[in-house]
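The following report covers one chain: its confidence, its secondary structure, its overall dimensions and one residue.

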Amino acid sequence: MNNAKLRKCPDCGAEVSKTADKCPKCGAVLPSAANIGNAIGALISIGLTVWIFWKFGLFKMILVVLRH
Ligand SMILES: [Zn+2]
């Protein structure tokens with residue numbers, strides 16, 4: 001039975017705590033849950049910016065300006 005708090009290092013295969021940022025054996029940087037959360041947060045903020053542009057018709061305004 002696998003320990004839910006451990007995962008395997010992709011570089012050396014050592015069992016590393018899920019909360020660790022680095023493998024203690026080989027020093028490889030591991031993608032932590034916090035990093036994934038930051039990436040999702042960045043994607044959401046980009047999506048929100050695009051949505052706000054769309055909502056206020058700024059894309060249409062830019063197209064109109066470009067056509068003139
Ligand atoms: Zn390792």
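The model is predicted, with a mean pLDDT of 86 over the chain. A pLDDT of 70 or more is reached by 93% of the residues. By element, the mean is highest in strand β2, residues 15-17, at 92, and lowest in helix α2, residues 58-67, at 82.

| Element | Residues | Mean pLDDT |
|---|---|---|
| Strand β2 | 15-17 | 92 |
| Helix α2 | 58-67 | 82 |

Two strands and two helices make up the secondary structure of the chain. Their order from the N terminus is β-β-α-α.

The overall dimensions come next. The radius of gyration of the chain is 21 Å, whereas a compact globule of 68 residues would have one near 11 Å. The C-alpha trace spans about 65 × 20 × 15 Å along its principal axes. Of the 68 residues, 3% count as buried. Contacts between residues at least 6 apart in sequence include 0% that join residues at least 24 apart.

One residue can be taken as an example. I46 lies in helix α1, which covers residues 33-55. Is I46 buried or exposed? I46 has 10 other C-beta atoms within 10 Å, and because a residue with 12 or fewer counts as exposed, I46 is exposed. How far apart in space are I46 and S17? The C-alpha atoms of I46 and S17 are 32 Å apart, and the two residues are separated by 29 residues in sequence.

Conventions: Residues are numbered from 1 along each chain as its sequence is written. This is a predicted model: local features need pLDDT of at least 70, side-chain atom pairs count only at pLDDT 80 or more; totals for chains, interfaces and linings use all residues. Helices (H or I, at least four residues) and strands (E, at least two) are DSSP runs, numbered from the N terminus. The radius of gyration is taken over C-alpha atoms; the globule rule is 2.2 Å times the number of residues to the power 0.38. A residue is buried if 20 or more other C-beta atoms lie within 10 Å of its own, exposed if 12 or fewer, and partly exposed in between; C-beta atoms are placed from the backbone. Two residues are in contact if their C-beta atoms, placed from the backbone, lie within 7 Å. pLDDT is the predictor's confidence in each residue, from 0 to 100.
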